[in-house]
Amino acid sequence: MKTNKLLKYIKKNNIINTTNAQFALSINKKEEPITTLAIICVHQAIIDGHVCLPINENKKLFYSKYNNTFIIHFLKYIKTKKIENLLNKNIIGNGSYPTPLVLFKNSLYLYKTWKSEQSISNYFKNPTQEKKYTPYKIKKVLTKIFNQKFCNLQKIAVAISILYKNTFIIGGPGTGKTTVVSKIILSFIRLSEKFIKIKLAAPTGKAAIRLTESLKHNLKRLDITTQEKLIFPSKTITLHKLLKINSKFQEKILQDNELLDLDILIIDESSMIDIYIMEQLIKKLPKHSKLILIGDFNQLPSIQPGNILKDICQHANNKYSIKTAKILKYFINYEVPISNCSTDSNLKDNICILKKNYRFIQAPHIKILSQLILKNNDKNHKKLFNNSYKNVIYNEIYNICSYENMINTLTNNYENYWQAIYNKKELKQIIYIFNKYRILCAVNKGLFGTNRINKNIELNMQHKKYIHNNINLNNSLYVGKPILITKSNKALKLLNGDIGILMLDDVNQHLKAFFLLPNNSINIIPVQLLTHYQTAWCMTIHKSQGSEFNTIAIILPNKYSKLCTKELIYTAITRAKKKFLYIVVKRYSLKRQIHLHFVLAIYHN
């Protein structure tokens with residue numbers, strides 16, 4: 001297919017959106033077809049979270065089933081030509097000078113994205129081993145904090161964080177990442193002869209609060225002196241606040257030559273860090289500082305381009321170079337696996353993957369399900385479809401009747417919550433009961449999106465007489481209604497993703513929203529002051545990241561959605577803590593699991 005025909009084809013069939021077209025034409029004002037097509041493809045790649053467009057393979061990277069033909073034709077056409085001769089010399093370059101596009105290792109980048117990737121690559125390229133502390137002192141500190149004599153990956157993780165300038169600690173939910181963070185901090189406090197500046201950060205406000213509260217809980221279990229408690233960092237802040245970036249416009253407030261005042265920076269939920277924020281971060285780190293990244297690369301990445309944690313750590317296997325293994329053996333008193341593979345990453349010595357799961361000991365099937373999604377094993381699929389997993393029951397939604405039965409089941413699972421309200425239980429207890437169960441959706445729109453599911457559940461609840469005391473019929477406000485905050489409000493001390501419950505106050509019987517805070521206090525807000533919120537009988541999987549519930553229900557769309565990746569389903573499944581689960585899914589869809597039509601729901605027993 002000729003280039004000009006391709007361009008007419010994509011315009012006629014609405015394969016690209018207006019933003020892509022305007023962006024391409026603003027850069028390529030001469031409207032050379034092949035250049036315009038290249039810009040469109042690269043820009044779409046960035047929108048979809050990729051950092052580049054590979055041009056040496058026919059990969060279906062960015063487009064849905066409706067326009068895969070387009071991307072294949074484009075890549076085939078470019079493969080038959082010399083890309084440098086096809087594209088406008090003022091548009092493409094090799095990165096040595098600024099141009100809109102960069103051709104690097106058979107991939108097309110936007111210059112900004114390429115520059116960010118190169119900065120990050122150069123920063124992590126040469127792992128440096130530090131010798132600030134004597135081996136004997138390190139061993140003594142580790143032995144006191146970890147008194148076990150058997151192999152302990154948490155101990156290895158702490159040892160590596162002491163040994164190297166940059167460290168990656170990876171682990172799924174319940175593997176003790178927060179425990180490791182607390183012991184890393186305690187180790188550095190005991191190793192340092194002078195005051196050491198340790199800062200904690202996270203990509204989002206909710207993640208920052210969760211880490212702060214989890215560390216307070218862990219601190220109670222540590223054998224720590226009063227003086228050490230005073231040095232222990234007490235607060236986690238967001239990366240945007242740390243770097244002084246305006247989150248709305250992504251504008252830098254921190255000057256380029258102004259470095260962060262810290263010795264050690266520990267970042268939780270690092271899988272959510274995009275390529276642009278990471279570039280700004282490494283620019284602001286002092287040369288002497290340590291960077292410790294904590295996270296689970298199988299979970300959802302940032303909505304912005306790049307999945308840095310996964311790119312660096314996905315091939316790690318807890319095997320180390322001979323030199324590092326020898327040092328670790330001295331520190332921890334047992335053998336460490338040695339890597340004999342010359343093709344391993346240079347950063348293999350900087351990575352520790354925590355494997356023992358403390359959360360799913362009583363619910364092993366949750367771990368099995370999460371591994372099923374990651375490995376896409378046909379045998380595991382058959383077990384699921386045959387209901388071979390304990391307390392995991394497979395059903396299929398195939399018509400209106402089965403859909404109505406699903407809504408009815410979802411509604412019935414809130415019966416204990418409504419009983420607590422009618423019996424006038426203590427407010428915190430009502431909130432605890434509500435937070436034991438959560439319905440998670442992949443999307444907001446459609447028959448299986450949050451908007452429709454929330455409405456259908458409310459209608460079902462009205463039919464069952466659960467909702468019978470509406471305060472304001474026009475706004476659908478009623479006692480017991482859960483709401484999800486969709487925009488942070490500093491004045492009201494509300495964060496995006498906070499969930500509250502509408503109840504009558506005890507004084508004047510006015511309807512107010514009650515939010516249970518991580519410190520176990522309650523934030524009470526009059527409903528008249530609330531602006532950005534939505535009904536929260538169900539919520540999106542994205543909003544649930546970092547949270548955990550006794551039981552969950554997952555509902556994914558019954559038609560194609562590029563949002564339904566294995567990372568999304570893995571994140572959803574690992575939100576559950578308890579053992580009673582049901583699954584509802586279209587059989588053929590789970591096998592393909594990423595880019596096909598399916599409905600997946602996990603129900604309470």
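Does Asn318 count as buried or exposed, and at what relative accessibility? In this predicted model, Asn318 counts as buried because its relative accessibility is 10%, which falls under the 20% limit used for that class. Asn318 sits in the loop that runs between helix H14 (308-313) and helix H15 (322-332), and its phi is near 60 degrees, a positive value in a residue other than glycine. Most residues other than glycine have a negative phi. A second residue with a positive phi is Lys244, where the angle is near 55 degrees; Lys244 belongs to the loop between helix H12 (239-243) and strand S8 (245-246), and at 40% relative accessibility it counts as partly exposed.

In soluble globular proteins, nonpolar side chains tend to be buried together. Here the largest nonpolar core has 72 residues, and those with the most contacts inside it are Leu410, Trp418 and Ile453. Once its neighbours within four places in sequence are left aside, Trp418 is in contact with Met461, Tyr466, Ile467, Tyr478, Val479, Gly480 and Trp537. Apart from that core lies another, of 51 residues, which includes Ile46, Leu53, Leu243 and Ile273.

Helix H13 (residues 275-284) is mostly covered, with nine of its 10 residues buried; among the buried ones are Ile275, Tyr276, Glu279 and Lys284. At the start of H13, a side-chain oxygen of Asp274 comes to within 2.8 Å of the backbone nitrogen of Tyr276. Glu279 also takes part, together with Lys115 and Lys283, in a network of salt bridges.

Side chains of opposite charge can pair when their charged atoms come close. Glu213 and Lys216 form one in which the closest N and O atoms are 3.7 Å apart; both residues lie in helix H10 (residues 205-219), three residues apart, about one turn of the helix. Glu213 counts as partly exposed at 22% relative accessibility, and Lys216 likewise counts as partly exposed, at 43%.

The salt bridge between the side chains of Glu567 and Lys310 has an N to O distance of 2.9 Å. Because Glu567 lies in helix H23 (residues 566-573) and Lys310 in helix H14, this pair ties together parts that are 257 residues apart in sequence. Glu567 is buried, with a relative accessible area of 13%, and Lys310 counts as buried at 16% relative accessibility. Asp505 and Lys512 also meet through their side chains in a salt bridge, at 3.1 Å from N to O, and Asp505 is buried with a relative accessible area of 8%.

Definitions and conventions. Residues are numbered from 1 along each chain as its sequence is written. This is a predicted model: local features need pLDDT of at least 70, side-chain atom pairs count only at pLDDT 80 or more; totals for chains, interfaces and linings use all residues. Side-chain values use heavy atoms; hydrogens and water are left out. A nonpolar core is a set of buried Ala, Val, Leu, Ile, Met, Phe, Trp, Tyr and Cys residues joined through side-chain atoms within 4.5 Å. Buried means under 20% relative accessible area, exposed over 50%, partly exposed in between (1.4 Å probe, protein chains only). Contact means heavy atoms within 4.5 Å. Helices (H or I, at least four residues) and strands (E, at least two) are DSSP runs, numbered from the N terminus. A polar contact is a pair of N or O atoms within 3.5 Å; within protein, one must be able to donate a hydrogen and the other to accept it, and residues adjacent in sequence count only if both atoms are side-chain atoms. A salt bridge is a side-chain nitrogen of Lys or Arg within 4 Å of a carboxyl oxygen of Asp or Glu.
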